[in-house]
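Morning, everyone. Let me walk you through one chain. Please have a look at it first.

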Amino acid sequence: MPELMSMWARCNVDFRYLISFKNNLFDSPELDPFNRISLQEYRRIRNEHDNAKIKNEVSGTDHMILNAITCEDNSNMVELNKFADLVDLYVYHPVKEAIKNMQKSP
């Protein structure tokens, strides 16, 4: 999912807000024993998040996110373990473009 990571980096999505969003998803009363919630619950939590970047920039990449986390056997459910993996990938593996820009001298 490198294109998703690049889009989040270009939008300057703060990893702390992604972690907060992920935690809100896992706190959902709809969470099942397999760490899944309904697509409607995912969207409700996203739309109610405190941070505007989660509401705007992350929702702009929803098609990519949902493509990666929608359950194969039920398209109305999302797998939060997969979303957690995406957030961890973004947090712990910086985008190469960002590293190149940081290494340029002024």
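Helices here are DSSP runs of H or I with at least four residues, strands are runs of E with at least two, and both are numbered from the N terminus. On that basis the order along the sequence reads α-α-β-α-α-α-β-α-α. That makes 7 helices and 2 strands.

Some ground rules. This is a predicted model, where local features need pLDDT of at least 70, side-chain atom pairs count only at pLDDT 80 or more, and totals for chains, interfaces and linings use all residues. Residues are numbered from 1 along each chain as its sequence is written, and side-chain values use heavy atoms, with hydrogens and water left out.

Now burial. Buried means under 20% relative accessible area, with a 1.4 Å probe and protein chains only. Of 106 residues, 38% are buried.

Next, the core. A nonpolar core is a set of buried Ala, Val, Leu, Ile, Met, Phe, Trp, Tyr and Cys residues joined through side-chain atoms within 4.5 Å. The largest one holds 23 residues, and W8 and Y42 have the most contacts inside it. Helices 1 to 6 each supply at least two of its residues. Helix 6 gives the most, 5 residues.

What does Y42 touch? Contact means heavy atoms within 4.5 Å. Leaving out residues up to four places away in sequence, Y42 touches F21, L25, I37, D62, I65, L66, I69 and V78.

Finally, helix 3. Its buried residues are L39, E41, Y42, I45 and R46. They lie on the same side of helix 3, because they cover an arc of only 165° around the axis, taken from the directions from the axis to the C-beta atoms.

Terms used
Buried means under 20% relative accessible area, exposed over 50%, partly exposed in between (1.4 Å probe, protein chains only).
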